[in-house]
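Subject: Structure handover, aromatic pairs

Hello,

Here is the structure I said I would pass on. My notes on its aromatic rings follow below.

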Amino acid sequence: MTPLSEKILLIDIDSCVRCHACTIACRQEHDLSVETESSWCRVVTVGPRRVKGKLHMDFVPVLCFQCDDPICANICPSGAISKNEDGLVLIDEKTCNGCSLCVNGCPYGCMSFNKMKRVAGHCDLCRERVESGIEPACVQHCIGGALQFVTTEKLNECTSGQRSFHFGRICYISNKWRLQNLF
């Protein structure tokens, strides 16, 4: 089994069909009911817009990037957010004071606030599932094949010849769009 530290979430924008299976799977996996008003995975719609005279839309799954130098951890006054040895940014719910500074401070909008538990939260790449040898819930339920959990070796193979944007533990690819300035 490949260690979690050597895995990357690969998101193929061209394959996302906006079915929201990733969002629903994430919410079920992490008990994020409608009442929590918290979502760790969302699909952003880009468009409609005209491309070469035709209407076009894209759908972009957005999850925590697991930043190398996470701003959320730097601004958390209670020290509830840290980076573990696998490179994951984790939140200790017992230490979180519910101030929401991290939610407001994340420049990518990837943090959310659980109104039922009164704590911040974000994607942890389904750490417990992955440590048990199961892929993240969003990947398992993605019907379009847009989400893959790959090794760094497989990532190089998948991104060859593709336009890509790699940030933290997330890599976006597309044949259609330049991705350097995606976020």
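A residue is called buried here if its relative accessible area is under 20%, exposed if over 50%, and partly exposed in between. Please keep in mind that this is a predicted model.

By that cut-off Phe65 is buried, because its relative accessibility is 1%. Phe167, at 27%, counts as partly exposed, and so does Tyr108, at 23%.

These residues take part in ring pairing. The structure holds five aromatic pairs. One of them joins Phe65 and Phe167, with 5.4 Å between the ring centres and 85 degrees between the planes, an edge-to-face arrangement. This pair links distant parts of the chain: Phe65 sits in the loop between β3 (54–62) and α2 (71–75), while Phe167 belongs to strand β9 (residues 163–167), and the two are 102 residues apart.

Phe167 also pairs with Tyr108. Their ring centres are 5.3 Å apart and the planes meet at 65 degrees, so this pair is edge-to-face too. Tyr108 is in the loop between α3 (101–105) and β6 (112–114) and Phe167 is in strand β9, so the contact ties together parts that lie 59 residues apart in sequence.

Which residues do the ring pairs link into a cluster? They are Phe65, Tyr108, Phe165, Phe167 and Tyr172.

Regards

Key:
Residues are numbered from 1 along each chain as its sequence is written. This is a predicted model: local features need pLDDT of at least 70, side-chain atom pairs count only at pLDDT 80 or more; totals for chains, interfaces and linings use all residues. Side-chain values use heavy atoms; hydrogens and water are left out. Rings of Phe, Tyr and Trp (its six-membered ring) pair if their centres lie within 6.5 Å; planes under 30 degrees apart count as stacked, over 60 as edge-to-face and the rest as tilted. Helices (H or I, at least four residues) and strands (E, at least two) are DSSP runs, numbered from the N terminus. Buried means under 20% relative accessible area, exposed over 50%, partly exposed in between (1.4 Å probe, protein chains only).
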